[in-house]
Amino acid sequence: MANIDVKEYTQEPATAKSRLSWLWAEYSVIIAFIIIFIGSSLMNPRFLDINNQLNILMQVSIIGIIALGMTVVMLSGGIDLSVGSVLALAGVISVLALNASGSILVGVFTALLVGSFAGFLNGLMVAKGRIASFIATLGMMAGARSIALYIAEGGSVSGEVDGFTAIANSDLWVFDYPVIIFLLMAVLVYILMHKTRFGRYVYALGSNEKAAMLSAIRVDRMKIWVYTLIGTLVGVAAVIETSRLNSISSSSSGAQYELDAIAAVIIGGTRMTGGRGKIIGTLFGVLILGILNNMMNLMNVSPHLQGFVKGLIIIIAVVFQKRE
Amino acid sequence: MANIDVKEYTQEPATAKSRLSWLWAEYSVIIAFIIIFIGSSLMNPRFLDINNQLNILMQVSIIGIIALGMTVVMLSGGIDLSVGSVLALAGVISVLALNASGSILVGVFTALLVGSFAGFLNGLMVAKGRIASFIATLGMMAGARSIALYIAEGGSVSGEVDGFTAIANSDLWVFDYPVIIFLLMAVLVYILMHKTRFGRYVYALGSNEKAAMLSAIRVDRMKIWVYTLIGTLVGVAAVIETSRLNSISSSSSGAQYELDAIAAVIIGGTRMTGGRGKIIGTLFGVLILGILNNMMNLMNVSPHLQGFVKGLIIIIAVVFQKRE
Amino acid sequence: MTPQPFVAMKNIEKSFNGVPVLKSVTLEVEEGEIHALLGENGAGKSTLMNILGGVHQPDNGTILINGEEAKMADPRVSQEHGISFIHQELNMVSDLKVYENMFLGSELRNKFGFLAVEEMCRQTHEILAELGVNINPKEYVRNLATSYKQLIEISKALLHKSRLIIMDEPTTSLAEHEVNRLFELMKNLKKTGVSIIYISHKLKEIQAVCDRYTVLRDGQLVKTGMVENEDLETITKMMVGKAISQERFMHEHPFGETAMEVSGLTSTGHFKDIDFTVRKGEIVGFTGLAGDGRTELFESLFGFRKKYAGEVKINGQVVKIDHPRKALQAGIGYVPKDRKENAIIKDLSVIHNMSLSSMGNFERSGFIQDKKEREKFDVYKKALNIKVHNPRITIDKLSGGNQQKVIIAKWLEAETDILIFDNPTQGIDVGAKQEIYQQIIALSRLGKAIIILSSEAPEVLRICHTINVMYHGEITARFTGEGASEEEIMHYATGSKREGIAIG
Amino acid sequence: ACGSTESGDSGSGAEGETDDKLTIGISLPSATHGWMGALIDSAEKQAKALKESEGIDYVMTNAADPNKQANDVDDLIAQDVDVIVMLPIESAALTPVGQKIKDAGIPLVIVDRELENDAATVVVKGDNEGIGVNAGKYFVEQLGGKGKIVEITGPPSSVTEQRGSGFKEAVDGEAGMEIIASQSGDFSTEKSLEVMQNILQANPEIDAVFTQDDGMALGVLQAIKEAGRTDIQFVTGAGGAKEVFEDIQNDGLMKATFLYSPTMVEDAVKIAADLAKGEEPAEEMVVKEATQVTKENVEEYYDPESKF
Ligand SMILES: Nc1ncnc2c1ncn2[C@@H]1O[C@H](COP(=O)(O)OP(=O)(O)OP(=O)(O)O)[C@@H](O)[C@H]1O
Ligand SMILES: Nc1ncnc2c1ncn2[C@@H]1O[C@H](COP(=O)(O)OP(=O)(O)OP(=O)(O)O)[C@@H](O)[C@H]1O
Ligand SMILES: [Mg+2]
Ligand SMILES: [Mg+2]
């Protein structure tokens, strides 16, 4: 009787056509990206300029690093609204530490520490406090911004240590450091998600938490790690942001980063409710957003209408993707 | 065999104690509310002043009306981030219609129409376009704000028709009209959700969409209705907001209303992923937020720290509630 | 009996919300035995196992492993004691691949700490082959039929090299040959000293593999004994309090006109050229192996799937059904299989689940009449013997069998002329099965057209007037109820026999 | 990536036809409150007017945070614009960006908030400190050095900080003056209405209200009116909104406002156009005084057609 099964299930589709349809199903964001890229090239000749391309990469690197973490959080079935505020807080505290110590290392380390600690708290609230991640991180969003404002008295703080700005303003061959850091992080998170147990458990947890728990996975611990991870990535982003402008604003830095990061993740094909999605998708989601912002400036879209155009294109890009 | 059942299963627990524990499980938000209420009374004697109480009611009425709609959306398993922007858009267009026609009725009707149409579009995107509600309404949020800014040229528009301000500035006995409208809407939405099949279907859909569909429920149509409903409620809120000050700002009106509304719904005990929650819970969630804002002003908490205090108390209120 | 059983659960008590579910239950399992845990729906079998598996905590009582007290604080602890648990409801991570599910929680890693994907695939392939399944280990679980998911769950438990495997109704969605393979495997495991607790409502299975049995009734221990010393009737009697006949129902009555006529229905990849008719008062069965396209066919007829070609006539009228609502309006009801995913709304109460598809029956001027709902539920509660202490609790608190009865009540309430039952007695105890069959027959007497889909040939043989056998999306044979035998059905269902439709 | 030190001459690589096509790059914050909305609008209108009259092109960008603004400026530099008009979201954060513009050889007109270096070719600014200081003086004068004051601030930001500290400085000098409540109205009329309602509740005696923005002042007026309070002698604003002028004219509770007009950006755009054409700036610093507008001089500033 086994032969029935064999006939049914061994014929693995591996033709060129099915390959293509697989690519389409899994990575339709890449196709959306290519269309937007070609469209942009045709609409504005300056778009293809190598400097412009490098600019776009530079511009997306901060949101990109955050979006990597957001992908992991969203794969686990959660969301993190606090990223922008935590970025501001980590930036403010790290600049103070930098100025107080005079050591760049201390500054960088402080940013990472603040970021991961805030993430850890988010994780605790979600995992142990059983608070919906939306509300837990909404609380953190309000709280972290508030503390940043309090420390910096509503204003911004500037670095006073030479060399700190070099972190974000140097380049290797043609690539700026932030771009390199972004790509490095992308590779690390990719490996983490696809080659290690951690990633496997995150997918499992996001897809079916009960089943994950019954498989003896320490679900709570996983969640705490997930939020700590995004917190740390936000810390990295904070270092870049602070170093790039040698200052950070407690009131406006990081404003609405959460929305951009989430949009990038969803455009990249990750499912809102978790369990399904890809780091590579997010990478292209981030690039699509970057191109949109860039084109809006190149095409001189009226400022009042930019929101409209951006919203529209995001929705088209998402509709265009094959949904289950 | 039937006798076994009788012996075993007819003893319905209806003792006072079990009633109380039921109340606790279902409506722990009410208890949180009472604690916060008593705490506030003790901290500031002016809090209990009848005028202050009426002020709070008045202040929560706009967010309250929106939160009612948000409850329905969230019960259905979605979210609506566009409420604040749609409020601004509906307000701007309705004032223009009001001024052009000179008729208050036309103005009010326009606001409702714009609100419900925006909601309808959201519903279409979610139901037919199969876009995650987060991203669909994020697009609408950007789009509606953008159009409002464009129409009003970034500024605010003011009513030029006598009597329009009466809508939000009259009162019946001690209650302001907005409060009465809010309570009326709450009763209507309550009846809709608990006494009609609409509500039943919304719960079913939010709990298990596939099973709802296999129960012969028109899931797509329901979703469109749900978003149209919140859109209409946002239209009502826009009328009140516009009438209150006889003007609406295309840039700042409605900013972040979505966060307040969502927070109120979650504090009220509705589950993020849908299927579970209560309109009454939202009512108290809204009141808790109102009391927090009120107390923050009464106690003159530093604006820098208000986010922190508010975030903290929201999280405590949520943790305090019994979670599954 | 050795003085010290491998697992002993002593005086276990458990109640949910003040309702006692287990009353001082004792269960002992020896090393290397297959122990049947029996009882009607809601008797407390799963709850007892959930306590052993660390999912629930007992209110009272102790668990001894090899004579030493063990506290099963969570599923991890239980697993560390060598206990694997195949749950009644599937617990697959549908977004992961087959091998990823198999090794979830116990991944193999290479020396760098990275996942050893190929090795895991190889082992997955091996262990599935033992069960006679040949699936690509890298296939996503969401793309698999339920029976394969079930087999993967079983394989996962096997992978753990456990000392005790709890199988809570593992065969509800398996075809007969798969069940036989499983039994062979169980017997082999037994030889290596592994114990198995086996829960099933199919008493034939109990006789085939089990050594001892324990019967629970309403949370109380009724009896423990050797299976070979009892016959089926006695066990049934212990479970449900009366003897149940396994005979074919005699129910001859005249049929009315054609209620449903289907011709040339085709959907690529699922089914092709389906023709059949159902008359009023007729009970038509569809059987076959998993993956034969039965469910897809009727999901299409019910409007859940839209992409198909062909013609459907209801009462002589050609209809185009592209949504379940239209099916309902056309007079078709559908009790789906896999109730957890497809049927129950777990956040709605028992009553509200019952009334969901027929809200019109409970409305007056647009408002729902609570009292009417409640009264109607009481009718079904009695008719279908639904065990629930308070029908206002959410349906997920009911035992599996009782959930199924509520879903059947839901479609009875919709009062459609045509009723499709997909695997209607999945997980239902023998007593309740009988009641459901009687209900179905009563409906057919009232002139309703009934369609029953089941992978269990005996089920369709017991109550259907006409039986269709499907294989690879085609109807390969058609029998009358009396004219068919289990053996012959199997021939057509496995494709080993294929000829012109045998109409009896 | 854009550290290219090409000369700022836009015509460097292009053919003759693009030579005479000048472009103004404009980088502004996004419209999150009325004043900024009006400013963006003024900038766009002015730029459009220049395009029609002199054929000078423009590119406008919008940012919600300093990093995005830095990105926008990068885009502008990459487009070889001939001059940049920038309203920095945060002075400190945009200072290195200003330097970058200068290094690229592009003239820079800064609006509203100064940078911390000398990258700007011309600065057109209002006087945020001045608003606070002038308002403070007005309060001391009107209240005779004694009174209970409520302050309605903007959302936490450097603008709020400057206006607030100017005011505090002036008021702290008088022992009898006391700020009894200071709450944020988020530059929003509705929010200010609510906040003021609550403050009125908490403080039975208030002599005057200082608001950092005219839009917020309107909400405060409404709250006072609704509460029927008579103890409050006056309310002041900042900006120069039409409705506030009207209230001053009509002897309302609004007694004064301090000019901080969003139209300052028009001057900046005009100056930028001149710079683009290669002209030398007439002056390097254009300060729009925080002129006190009261009943006496309101007619001078009132424009019934104004959008703000
Ligand atoms: N979490 C729970 N909350 C409330 N009641 C519960 C819960 N779990 C089980 N019950 C009740 O306990 C009783 C025993 O259920 P259990 O699932 O153990 O039965 P079962 O013997 O496995 O039945 P079946 O054969 O239908 O699977 C049922 O009446 C059920 O309603
Ligand atoms: N802690 C809990 N609180 C509320 N409901 C629960 C809880 N645990 C389980 N349930 C639900 O109660 C129902 C019956 O419980 P139980 O787990 O005993 O039965 P089951 O249907 O056999 O499930 P399984 O065998 O997969 O655990 C299940 O459907 C389950 O979803
Ligand atoms: Mg069970
Ligand atoms: Mg059960």
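**The metal site and its surroundings**

Modeller: C:Gln88 counts as buried, because its relative accessibility is 19% (buried means under 20% relative accessible area, exposed over 50%, partly exposed in between, with a 1.4 Å probe and protein chains only). This is a predicted model: local features need pLDDT of at least 70, side-chain atom pairs count only at pLDDT 80 or more, and totals for chains, interfaces and linings use all residues. Residues are numbered from 1 along each chain as its sequence is written, chains are lettered from A and ligands numbered from 1 in the order in which they are written, and side-chain values use heavy atoms, without hydrogens or water.

Now the metal. C:Gln88 (OE1) and C:Ser46 (OG) coordinate the magnesium ion (ligand 3), at 1.9 to 2.2 Å. Donors are N, O and S atoms within 2.8 Å of the metal (3.2 Å for Na, K and Ca); water is not among the atoms, so sites may look incomplete. This pair links distant parts of the chain, 42 residues apart. C:Ser46 sits in helix α1 of chain C, C:Gln88 in the loop between β6 (83–86) and α3 (98–102). Helices (H or I, at least four residues) and strands (E, at least two) are DSSP runs, numbered from the N terminus. The magnesium ion (ligand 4) is 2.9 Å from the magnesium ion (ligand 3).

Next, ligand 2. C:Ser46 and C:Gln88 are among the residues around it, where being near means a heavy atom within 4 Å. The side chain of C:Gln88 has an N or O atom 2.6 Å from an oxygen atom of ligand 2. For a polar side-chain atom of C:Ser46, the distance to an oxygen atom of ligand 2 is 2.9 Å. Helix α1 (residues 45–52) of chain C gives the largest share of the shell around ligand 2, three residues.

A polar side-chain atom of C:Ser46 is 2.7 Å from an oxygen atom of ligand 1. C:Lys45 has a side-chain N or O atom 2.8 Å from an oxygen atom of ligand 1.

Technical notes
Polar contact = N/O pair within 3.5 Å; in protein donor to acceptor, adjacent residues only side chain to side chain.
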